[in-house]
Amino acid sequence: YGIEPNELESAYARANDICLVGSTLNDLKPNDLYDVITLWDVLEHIPEPINYLKAIAANLTSNGSVFVQVPSADSLAARIMRGSCNMFDGIEHITLFSLKSLKTTFQRAGYRCTACHTIISELHAINNYLSHQPDPYLSKLDNEINILNLDPDQIEKDNLGYKIQAVFT
């Protein structure tokens, strides 16, 4: 089941036999209960995330969980590339999260964190940026080298990845 406000994405979902129950959270009925609600790159677009998370709780079963993925303001890419990092677009991303602020946001909404880590090193974009490429998010260069000699897996293990993934109950 899903909720999708974008008409093009809604059409794609329906064409692929995904049952949409509405276009916004307001379309859910109070008795529509789910074991898991996922927020894939959604929460950073929400003006009042705490209120949104409280509203979602009404549609979770008593043992329900929320999975969330958001860009990380503490990622290595954000720290090195700053304003050139695509998470700082300033138009669509109206709330920026670090691991700490994401956990705090969910805690204030009444949730408890059960798992949290980062993914996606963005090492190619960092290398392109440090190589003075006009658009660091273009595909890899033919002669690309790892300028900083960093291990992408270690970036993620150190929670410096571009995206935060977490589960809250």
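Q: Is Phe 67 buried or exposed?
A: Buried means under 20% relative accessible area, exposed over 50%, and partly exposed in between, with a 1.4 Å probe and protein chains only. Phe 67 has a relative accessible area of 16%, so Phe 67 is buried. This is a predicted model, where local features need pLDDT of at least 70, side-chain atom pairs count only at pLDDT 80 or more, and totals for chains, interfaces and linings use all residues. Residues are numbered from 1 along each chain as its sequence is written, and side-chain values use heavy atoms, without hydrogens and water.

Q: How many aromatic pairs does the structure hold?
A: Rings of Phe, Tyr and Trp (its six-membered ring) pair if their centres lie within 6.5 Å; planes under 30 degrees apart are stacked, over 60 edge-to-face, the rest tilted. The structure holds 4 such pairs. One of them joins Trp 40 and Phe 67, tilted, at 4.7 Å centre to centre with 45 degrees between the planes.

Q: Which strands hold Trp 40 and Phe 67?
A: Strands are DSSP runs of E, at least two residues, numbered from the N terminus. Trp 40 is in strand S3 (residues 34-40) and Phe 67 in strand S4 (residues 60-71), 27 residues apart.

Q: What polar contact joins the side chain of Gln 165 to another?
A: A polar contact is a pair of N or O atoms within 3.5 Å; within protein, one must be able to donate a hydrogen and the other to accept it, and residues adjacent in sequence count only if both atoms are side-chain atoms. The side chains of Gln 165 and Gln 69 are joined at 2.7 Å. Gln 165 counts as buried, at 13% relative accessibility.

Definitions and conventions:
Helix = DSSP H or I, 4+ residues; strand = E, 2+ residues; numbered from the N terminus.
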